[in-house]
Amino acid sequence: MKGKTYLILYHIEDNDGLFSCAIMKNYLINTLKIDESHIITKGHTYKSLDHLYDEIKNDLGGFKSRFNNIIMTDISFDDYHSMIALSKCYGKHFTWIDHHAPIIKESIKNKFDDINGLRDISHSALMNMWRYLYDPLDEKFKNGNIPTIFKYLSGWDSWSYKYWNLTLDQVRYFNTGITNKYDLDLDIICKLVYMVIYENSIGNNPEYIRMINDYGKNICDYEDKKYDNLISVFGDFDWKLKIDENTYRKCCAIFIQDVTNSLMFRKAKGKSDNGLVFKKNKNGGWVLSLYNINNEDTFDCGSFLKEKYNGGGHIGAAGATITDNQFIDMINKKEI
(Lines give C-alpha, C1' and ligand atoms only; values in the text may rest on other atoms or scores of the structure.)
Protein backbone atom coordinates (compact mmCIF):
# COMPACT_ATOMS: atom_id res chain seq x y z
CA MET A 1 0.00 0.00 0.00
CA LYS A 2 2.00 2.95 -1.30
CA GLY A 3 1.06 6.59 -1.36
CA LYS A 4 0.87 9.58 0.95
CA THR A 5 -2.64 9.59 2.33
CA TYR A 6 -4.66 6.73 3.77
CA LEU A 7 -8.39 6.70 4.47
CA ILE A 8 -9.60 3.92 6.76
CA LEU A 9 -13.36 3.34 6.62
CA TYR A 10 -14.55 1.14 9.46
CA HIS A 11 -17.77 -0.13 11.04
CA ILE A 12 -18.36 2.20 13.97
CA GLU A 13 -20.99 0.25 15.88
CA ASP A 14 -18.98 -2.52 17.55
CA ASN A 15 -15.57 -3.65 18.75
CA ASP A 16 -14.78 -5.61 15.60
CA GLY A 17 -14.85 -2.53 13.40
CA LEU A 18 -12.88 -0.36 15.81
CA PHE A 19 -10.25 -2.97 16.68
CA SER A 20 -9.67 -3.90 13.04
CA CYS A 21 -9.26 -0.20 12.25
CA ALA A 22 -6.86 0.20 15.18
CA ILE A 23 -4.80 -2.78 14.04
CA MET A 24 -4.42 -1.24 10.58
CA LYS A 25 -3.63 2.23 11.92
CA ASN A 26 -0.94 0.83 14.22
CA TYR A 27 0.56 -1.13 11.34
CA LEU A 28 0.74 1.96 9.14
CA ILE A 29 2.35 4.07 11.87
CA ASN A 30 4.60 1.60 13.64
CA THR A 31 5.56 -0.86 10.90
CA LEU A 32 5.34 1.12 7.66
CA LYS A 33 6.34 4.37 9.43
CA ILE A 34 3.57 6.41 7.83
CA ASP A 35 3.17 9.80 9.48
CA GLU A 36 -0.05 9.82 11.50
CA SER A 37 -1.08 13.08 9.85
CA HIS A 38 -1.41 11.14 6.58
CA ILE A 39 -3.95 8.72 8.07
CA ILE A 40 -7.65 9.61 8.23
CA THR A 41 -10.11 7.32 10.02
CA LYS A 42 -13.86 7.53 9.41
CA GLY A 43 -16.35 5.37 11.29
CA HIS A 44 -19.55 4.52 9.45
CA THR A 45 -22.78 2.63 9.65
CA TYR A 46 -23.93 0.89 6.48
CA LYS A 47 -26.37 3.71 5.76
CA SER A 48 -23.86 6.52 6.30
CA LEU A 49 -21.33 4.69 4.13
CA ASP A 50 -23.83 4.60 1.28
CA HIS A 51 -24.42 8.32 1.78
CA LEU A 52 -20.67 8.84 1.51
CA TYR A 53 -20.55 7.07 -1.81
CA ASP A 54 -23.51 9.09 -3.07
CA GLU A 55 -21.40 12.18 -2.40
CA ILE A 56 -18.23 10.99 -4.16
CA LYS A 57 -19.46 8.83 -7.04
CA ASN A 58 -19.72 11.78 -9.42
CA ASP A 59 -16.16 12.84 -8.64
CA LEU A 60 -14.14 9.73 -7.88
CA GLY A 61 -11.13 11.36 -9.47
CA GLY A 62 -11.31 14.27 -7.06
CA PHE A 63 -11.76 11.88 -4.16
CA LYS A 64 -8.68 9.93 -5.26
CA SER A 65 -6.65 13.13 -5.35
CA ARG A 66 -7.38 13.55 -1.63
CA PHE A 67 -6.82 9.93 -0.60
CA ASN A 68 -4.18 7.78 -2.27
CA ASN A 69 -5.18 4.60 -0.44
CA ILE A 70 -8.55 3.34 0.80
CA ILE A 71 -8.88 0.67 3.48
CA MET A 72 -12.33 -0.66 4.31
CA THR A 73 -12.80 -2.96 7.28
CA ASP A 74 -15.78 -4.81 8.77
CA ILE A 75 -18.10 -2.96 6.41
CA SER A 76 -18.95 -2.63 2.72
CA PHE A 77 -21.29 -0.72 0.45
CA ASP A 78 -24.73 -2.33 0.33
CA ASP A 79 -24.74 -1.88 -3.45
CA TYR A 80 -21.97 -4.10 -4.79
CA HIS A 81 -21.62 -1.86 -7.86
CA SER A 82 -20.09 0.72 -5.52
CA MET A 83 -17.45 -1.80 -4.45
CA ILE A 84 -16.61 -2.47 -8.09
CA ALA A 85 -16.39 1.25 -8.89
CA LEU A 86 -14.05 1.89 -5.98
CA SER A 87 -11.93 -1.10 -6.96
CA LYS A 88 -11.61 0.12 -10.56
CA CYS A 89 -10.67 3.60 -9.38
CA TYR A 90 -8.06 2.56 -6.80
CA GLY A 91 -6.85 -0.82 -8.02
CA LYS A 92 -4.24 -2.26 -5.66
CA HIS A 93 -4.54 0.81 -3.47
CA PHE A 94 -7.96 -0.39 -2.25
CA THR A 95 -7.86 -2.91 0.63
CA TRP A 96 -10.97 -4.62 1.96
CA ILE A 97 -11.10 -6.73 5.13
CA ASP A 98 -14.42 -8.39 5.95
CA HIS A 99 -16.22 -11.47 7.23
CA HIS A 100 -19.86 -10.89 6.24
CA ALA A 101 -21.04 -13.77 4.07
CA PRO A 102 -23.62 -12.04 1.79
CA ILE A 103 -21.25 -9.43 0.37
CA ILE A 104 -18.38 -11.92 0.18
CA LYS A 105 -20.59 -14.29 -1.83
CA GLU A 106 -21.61 -11.31 -3.96
CA SER A 107 -17.95 -10.51 -4.63
CA ILE A 108 -17.33 -14.02 -5.93
CA LYS A 109 -20.49 -14.04 -8.03
CA ASN A 110 -19.79 -10.64 -9.60
CA LYS A 111 -16.03 -11.04 -9.85
CA PHE A 112 -14.70 -8.38 -7.52
CA ASP A 113 -13.17 -10.88 -5.10
CA ASP A 114 -9.68 -9.92 -6.31
CA ILE A 115 -9.67 -6.75 -4.20
CA ASN A 116 -6.65 -6.59 -1.88
CA GLY A 117 -7.24 -7.87 1.62
CA LEU A 118 -8.66 -10.89 3.40
CA ARG A 119 -12.27 -12.03 3.54
CA ASP A 120 -13.04 -15.05 5.72
CA ILE A 121 -16.52 -15.67 7.16
CA SER A 122 -15.18 -18.06 9.80
CA HIS A 123 -13.43 -15.33 11.77
CA SER A 124 -14.03 -11.69 12.55
CA ALA A 125 -12.67 -8.64 10.75
CA LEU A 126 -10.14 -7.89 13.49
CA MET A 127 -8.77 -11.43 13.27
CA ASN A 128 -8.65 -11.24 9.48
CA MET A 129 -6.92 -7.87 9.70
CA TRP A 130 -4.29 -9.20 12.11
CA ARG A 131 -3.69 -12.23 9.87
CA TYR A 132 -3.46 -10.09 6.72
CA LEU A 133 -0.91 -7.69 8.20
CA TYR A 134 1.10 -9.71 10.70
CA ASP A 135 0.70 -13.35 9.66
CA PRO A 136 0.21 -13.53 5.86
CA LEU A 137 1.14 -17.23 5.72
CA ASP A 138 -1.18 -18.09 8.64
CA GLU A 139 1.65 -19.83 10.47
CA LYS A 140 0.91 -18.18 13.84
CA PHE A 141 -2.81 -18.47 13.26
CA LYS A 142 -2.64 -22.23 12.68
CA ASN A 143 -0.60 -22.65 15.86
CA GLY A 144 -2.93 -20.43 17.89
CA ASN A 145 -0.06 -18.00 18.51
CA ILE A 146 -2.35 -14.98 18.54
CA PRO A 147 -2.99 -12.41 21.30
CA THR A 148 -5.60 -13.92 23.60
CA ILE A 149 -7.78 -10.83 23.71
CA PHE A 150 -8.13 -11.01 19.92
CA LYS A 151 -9.37 -14.60 20.27
CA TYR A 152 -12.00 -13.47 22.77
CA LEU A 153 -13.20 -10.53 20.69
CA SER A 154 -13.19 -12.48 17.43
CA GLY A 155 -14.87 -15.46 19.07
CA TRP A 156 -17.79 -13.25 20.01
CA ASP A 157 -18.24 -11.26 16.82
CA SER A 158 -17.90 -14.19 14.43
CA TRP A 159 -19.50 -16.73 16.80
CA SER A 160 -16.27 -18.77 16.51
CA TYR A 161 -15.60 -19.12 20.25
CA LYS A 162 -15.46 -22.93 20.04
CA TYR A 163 -12.58 -22.67 17.58
CA TRP A 164 -10.52 -21.08 20.36
CA ASN A 165 -11.81 -23.48 23.05
CA LEU A 166 -13.80 -20.71 24.67
CA THR A 167 -17.42 -20.62 25.82
CA LEU A 168 -20.18 -18.27 24.73
CA ASP A 169 -20.31 -16.74 28.21
CA GLN A 170 -16.56 -16.09 28.22
CA VAL A 171 -16.52 -14.19 24.94
CA ARG A 172 -19.75 -12.37 25.73
CA TYR A 173 -18.49 -11.17 29.12
CA PHE A 174 -15.16 -10.10 27.63
CA ASN A 175 -16.70 -8.23 24.69
CA THR A 176 -19.17 -6.50 27.00
CA GLY A 177 -16.40 -5.55 29.39
CA ILE A 178 -14.26 -4.08 26.61
CA THR A 179 -17.23 -2.18 25.16
CA ASN A 180 -18.15 -0.57 28.47
CA LYS A 181 -14.61 0.06 29.69
CA TYR A 182 -13.42 1.80 26.52
CA ASP A 183 -16.74 3.19 25.20
CA LEU A 184 -15.96 2.30 21.57
CA ASP A 185 -13.40 5.14 21.60
CA LEU A 186 -11.02 4.64 18.68
CA ASP A 187 -8.16 6.65 20.19
CA ILE A 188 -8.21 4.57 23.37
CA ILE A 189 -8.52 1.32 21.42
CA CYS A 190 -5.56 2.30 19.21
CA LYS A 191 -3.45 2.68 22.36
CA LEU A 192 -4.72 -0.65 23.64
CA VAL A 193 -3.87 -2.40 20.36
CA TYR A 194 -0.38 -0.87 20.45
CA MET A 195 0.13 -2.40 23.91
CA VAL A 196 -1.08 -5.75 22.61
CA ILE A 197 1.01 -5.93 19.42
CA TYR A 198 4.10 -3.80 20.01
CA GLU A 199 4.59 -4.00 23.77
CA ASN A 200 3.11 -7.50 24.33
CA SER A 201 2.01 -6.27 27.74
CA ILE A 202 -1.68 -7.17 28.00
CA GLY A 203 -2.55 -9.32 24.99
CA ASN A 204 -2.07 -12.55 26.92
CA ASN A 205 -2.16 -11.19 30.48
CA PRO A 206 -4.48 -13.47 32.53
CA GLU A 207 -5.05 -10.83 35.21
CA TYR A 208 -6.18 -8.29 32.64
CA ILE A 209 -8.45 -10.82 30.93
CA ARG A 210 -9.94 -11.86 34.27
CA MET A 211 -10.56 -8.24 35.21
CA ILE A 212 -12.36 -7.51 31.92
CA ASN A 213 -14.38 -10.74 32.19
CA ASP A 214 -15.52 -10.00 35.76
CA TYR A 215 -16.49 -6.46 34.79
CA GLY A 216 -18.40 -7.70 31.75
CA LYS A 217 -20.17 -10.46 33.69
CA ASN A 218 -21.66 -7.96 36.14
CA ILE A 219 -23.03 -5.94 33.24
CA CYS A 220 -24.36 -9.03 31.43
CA ASP A 221 -26.13 -10.28 34.55
CA TYR A 222 -27.94 -6.96 34.80
CA GLU A 223 -28.77 -6.92 31.07
CA ASP A 224 -30.13 -10.48 31.19
CA LYS A 225 -32.67 -9.51 33.82
CA LYS A 226 -33.55 -6.30 31.98
CA TYR A 227 -34.11 -7.99 28.62
CA ASP A 228 -35.94 -10.97 30.11
CA ASN A 229 -38.42 -8.48 31.55
CA LEU A 230 -38.53 -6.49 28.29
CA ILE A 231 -39.44 -9.55 26.22
CA SER A 232 -41.96 -10.79 28.77
CA VAL A 233 -43.76 -7.45 29.03
CA PHE A 234 -43.28 -5.80 25.64
CA GLY A 235 -42.28 -8.55 23.23
CA ASP A 236 -44.75 -8.79 20.32
CA PHE A 237 -45.05 -12.46 19.34
CA ASP A 238 -47.51 -11.90 16.49
CA TRP A 239 -44.85 -11.15 13.88
CA LYS A 240 -43.67 -13.49 11.16
CA LEU A 241 -40.91 -13.83 8.62
CA LYS A 242 -42.15 -14.63 5.12
CA ILE A 243 -39.89 -17.13 3.36
CA ASP A 244 -42.30 -17.78 0.48
CA GLU A 245 -46.07 -17.94 -0.08
CA ASN A 246 -46.42 -21.05 2.06
CA THR A 247 -43.53 -20.80 4.51
CA TYR A 248 -43.24 -18.52 7.52
CA ARG A 249 -41.10 -18.31 10.64
CA LYS A 250 -42.47 -17.07 13.96
CA CYS A 251 -40.94 -13.84 15.26
CA CYS A 252 -40.84 -11.76 18.41
CA ALA A 253 -40.47 -8.03 17.74
CA ILE A 254 -39.33 -5.20 20.00
CA PHE A 255 -38.75 -1.50 19.40
CA ILE A 256 -35.75 -0.14 21.25
CA GLN A 257 -32.88 2.35 20.87
CA ASP A 258 -30.04 0.23 22.22
CA VAL A 259 -27.22 -2.12 21.30
CA THR A 260 -28.81 -5.52 20.75
CA ASN A 261 -27.93 -9.17 20.13
CA SER A 262 -29.62 -12.54 19.89
CA LEU A 263 -29.18 -13.35 23.58
CA MET A 264 -31.68 -10.69 24.59
CA PHE A 265 -34.41 -12.96 23.19
CA ARG A 266 -33.81 -15.78 25.70
CA LYS A 267 -37.40 -15.48 26.99
CA ALA A 268 -38.72 -15.95 23.44
CA LYS A 269 -36.97 -19.29 22.95
CA GLY A 270 -39.49 -22.03 22.21
CA LYS A 271 -42.14 -19.46 21.25
CA SER A 272 -40.44 -17.84 18.24
CA ASP A 273 -37.80 -18.71 15.69
CA ASN A 274 -36.41 -15.22 15.22
CA GLY A 275 -36.05 -11.97 17.09
CA LEU A 276 -36.72 -8.63 15.39
CA VAL A 277 -35.46 -5.26 16.59
CA PHE A 278 -36.57 -1.94 15.10
CA LYS A 279 -34.56 1.21 15.82
CA LYS A 280 -35.34 4.68 14.54
CA ASN A 281 -32.41 6.04 12.54
CA LYS A 282 -31.63 9.66 13.41
CA ASN A 283 -30.76 10.29 9.74
CA GLY A 284 -34.08 8.94 8.51
CA GLY A 285 -35.64 5.53 8.10
CA TRP A 286 -35.25 2.58 10.42
CA VAL A 287 -32.64 -0.02 11.26
CA LEU A 288 -33.99 -3.57 11.27
CA SER A 289 -32.03 -6.29 13.07
CA LEU A 290 -32.85 -9.97 12.65
CA TYR A 291 -31.59 -12.75 14.93
CA ASN A 292 -31.89 -16.50 15.19
CA ILE A 293 -33.07 -17.23 18.72
CA ASN A 294 -31.73 -20.78 18.75
CA ASN A 295 -27.93 -20.72 18.54
CA GLU A 296 -27.94 -23.96 16.54
CA ASP A 297 -30.41 -22.63 13.94
CA THR A 298 -28.91 -22.59 10.44
CA PHE A 299 -31.41 -20.14 8.91
CA ASP A 300 -29.32 -17.49 7.13
CA CYS A 301 -30.47 -14.10 8.42
CA GLY A 302 -27.80 -12.26 6.42
CA SER A 303 -28.77 -13.77 3.08
CA PHE A 304 -32.47 -13.21 3.79
CA LEU A 305 -32.03 -9.49 4.49
CA LYS A 306 -29.60 -9.12 1.59
CA GLU A 307 -32.18 -10.49 -0.82
CA LYS A 308 -35.22 -8.73 0.64
CA TYR A 309 -33.87 -5.35 1.78
CA ASN A 310 -30.30 -5.09 0.48
CA GLY A 311 -29.00 -5.67 3.99
CA GLY A 312 -26.53 -8.25 5.17
CA GLY A 313 -24.68 -9.81 8.08
CA HIS A 314 -24.22 -13.30 9.41
CA ILE A 315 -26.25 -16.51 9.56
CA GLY A 316 -27.53 -15.84 13.07
CA ALA A 317 -27.48 -12.03 13.15
CA ALA A 318 -28.05 -9.49 10.40
CA GLY A 319 -29.36 -6.03 9.69
CA ALA A 320 -30.83 -3.74 7.06
CA THR A 321 -31.88 -0.13 6.70
CA ILE A 322 -35.52 0.35 5.70
CA THR A 323 -37.57 3.39 4.74
CA ASP A 324 -40.44 4.87 6.73
CA ASN A 325 -42.89 3.48 4.16
CA GLN A 326 -41.41 -0.01 4.42
CA PHE A 327 -41.60 0.24 8.19
CA ILE A 328 -45.26 1.26 8.10
CA ASP A 329 -46.06 -1.58 5.74
CA MET A 330 -44.34 -4.04 8.08
CA ILE A 331 -46.24 -2.64 11.07
CA ASN A 332 -49.57 -3.05 9.30
CA LYS A 333 -48.84 -6.64 8.28
CA LYS A 334 -46.62 -7.62 11.21
CA GLU A 335 -44.48 -9.33 8.61
CA ILE A 336 -41.08 -8.92 7.01
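**Close-up views of the predicted model**

**View 1. Helix α11 and its surroundings.** The buried residues of α11 pack against α8 (148-157), α9 (168-182), α10 (186-199), β5 (236-244) and β6 (247-255), where contact means heavy atoms within 4.5 Å; helices (H or I, at least four residues) and strands (E, at least two) are DSSP runs, numbered from the N terminus. The model is predicted, so local features need pLDDT of at least 70 and side-chain atom pairs count only at pLDDT 80 or more, whereas totals for chains, interfaces and linings use all residues. Residues are numbered from 1 along each chain as its sequence is written, and side-chain values use heavy atoms, with hydrogens and water left out. Among the buried residues of α11 are Tyr208, Ile212, Asn213, Cys220, Asp224 and Tyr227, buried being under 20% relative accessible area, exposed over 50% and partly exposed in between (1.4 Å probe, protein chains only). The 29 residues of helix α11 (residues 206-234) should span 42 Å at 1.5 Å a residue, and its end C-alpha atoms, 40 Å apart, agree with this; the expected span is 1.5 Å times one less than the number of residues. At the start of α11, a side-chain oxygen of Asn205 comes to within 2.9 Å of the backbone nitrogen of Glu207. A polar contact is a pair of N or O atoms within 3.5 Å; within protein, one must be able to donate a hydrogen and the other to accept it, and residues adjacent in sequence count only if both atoms are side-chain atoms.

**View 2. The four-stranded parallel sheet.** Four strands form an open sheet in the order β2-β1-β3-β4, with parallel pairing; two strands pair if DSSP finds at least two bridges between them. The edge strands, each pairing on one side only, are β2 (39-44) and β4 (94-97). Neighbouring strands of this sheet are turned against each other by 15 degrees on average, direction ignored, with axes taken as lines fitted to C-alpha atoms, for helices over the stretch in contact, and angles running from 0 to 180 degrees between N-to-C directions. Between β3 and β4 there are four bridges in the parallel sense, and the bridge partner of Ile70 in β4 is Phe94. Helix α6 packs on the sheet, where it touches β3 and β4, and its direction makes about 130 degrees with that of β4. Helix α1 (residues 15-31) lies across β1 (6-11), β2 and β3, and runs at about 160 degrees to β1.

**View 3. Two loop residues with positive phi.** Most residues other than glycine have a negative phi. Asp74, in the loop between β3 (69-73) and α4 (80-90), has a positive phi near 65 degrees and is buried, with a relative accessible area of 1%. Lys111, in the loop between α5 (101-109) and α6 (125-134), likewise has a positive phi, near 60 degrees, but is exposed, with a relative accessible area of 70%.

**View 4. The nonpolar cores.** The largest nonpolar core has 48 residues, and those with the most contacts inside it are Phe19, Ile23, Phe150, Phe174, Ile178, Ile197 and Tyr208; such a core is a set of buried Ala, Val, Leu, Ile, Met, Phe, Trp, Tyr and Cys residues joined through side-chain atoms within 4.5 Å. Two or more residues are given to this core by each of β1, α1, α6, α8, α9, α10 and α11, and the largest share, eight residues, comes from α1. When residues up to four places away in sequence are not counted, Ile197 touches Ile23, Trp130, Tyr134 and Phe150.

**View 5. The six-stranded mixed sheet.** An open sheet with mixed pairing is formed by six strands in the order β5-β6-β7-β8-β10-β9, its edge strands being β5 and β9 (312-313), each of which pairs on one side only. Strands β5 and β6 form a hairpin with two residues between them; they pair in the antiparallel sense over six bridges, and the bridge partner of Lys240 in β6 is Lys250. Five bridges join β6 to the parallel strand β7 (residues 274-280), where Cys251 stands opposite Asn274. Helix α12 (residues 301-309) lies across β5, β7, β8 (286-292), β9 and β10, running at about 15 degrees to β10. Helix α13 (residues 324-333) packs on the sheet, touching β5, β6, β7, β8 and β10, and its direction makes about 115 degrees with that of β10.
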